[in-house]
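Dear colleague,

I am passing the structure on to you below, and my notes on its nonpolar and aromatic packing follow it.

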Amino acid sequence: MLYTNISGVPVFECTEYNSKQKDYVVLIPIINEGNRIHKELESAKNAGVSSYADIVICDGGSTDGCTNEEILKALEVNTLLVKKDIGKQGAQLRMGFYFAQQRGYKGIITIDGNNKDSIEDIPSFIKKLEDGYDLIQGSRFIKGGKAINTPFVRLLSVKLIHAPIISITAGQRFTDTTNAYRAYSSKYLFDERTNVFRDIFMTYELLAYLSVRATQLGYKACEIPVRREYPKTGKTPTKISFFKGNAGLLKILFKNFFGSYRPN
């Protein structure tokens, strides 16, 4: 099914392999992740993640075969969404959020599709949602978390720049603010004062904005420990280029600090 002409939502195609099964959904944005997404989904299957939440792939238009239907079905994916419009991660998440809203999920968990994160920790996010938290940030830097083979420059930028500025903006301390492994209550995510369905969120703006908007609106936020593991050798699995990508993140960070993404 093709979704078009929805304000603040990119044009996207939806292929449902199954109907809504659970109260919670895991959204996984990907673009040409190759075997990494398959390994991640295998870990999810082995951990029984689909018994806790529906798994929905939010594809940005992959051309490497990683969204092969038979493979995704075998790995217990509930639905495949494919963006047919402009935008990167922010646009992929907006189409996922819209789909989650239409299905009426109680809570939404997001996780990268490059097999760096401990997808087996999904039940811990759901427990916090059921405990009444509205933003649950996964952190490798708190007690119980594991930061494995984190590139040194990235470690410094998160600890010395990104996390402190997000924490000041949010009015609450967070330690792993570039990490997309997190959960949101539907109450927070679809609050009209949050207003996620805006075309201003094209790349990484939405993650920065949602990190701070919850506490600004009086919602409950917390962190839970997770594992994030980079490969020991080879290319770092990331969509953020060293110079242009990091400069863009800094620009987003400061625009967020000065309230540029708040609804008018």
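**Aromatic pairs and packing**

Phe257 has a relative accessibility of 35% and therefore counts as partly exposed, a class that lies between buried (under 20% relative accessible area) and exposed (over 50%), with a 1.4 Å probe and protein chains only. Phe258, at 65%, counts as exposed. This is a predicted model, in which local features need pLDDT of at least 70 and side-chain atom pairs count only at pLDDT 80 or more, whereas totals for chains, interfaces and linings use all residues. Residues are numbered from 1 along each chain as its sequence is written, and side-chain values use heavy atoms, with hydrogens and water left out.

There are twelve aromatic pairs, counted where ring centres of Phe, Tyr or Trp (its six-membered ring) lie within 6.5 Å. In one of them, the ring centres of Phe257 and Phe258 are 5.0 Å apart and the planes stand at 85°, so the pair is edge-to-face, the class for planes over 60 degrees apart, with under 30 counted as stacked and the rest as tilted. One aromatic cluster is made up of Tyr3, Phe12, Tyr98, Phe190 and Phe197.

The largest nonpolar core holds 42 residues, and Phe12 and Phe97 are among those that touch the most other members; such a core is a set of buried Ala, Val, Leu, Ile, Met, Phe, Trp, Tyr and Cys residues joined through side-chain atoms within 4.5 Å. A second, separate core of 31 residues includes Val49, Ala53, Ile55 and Val77.

Best regards
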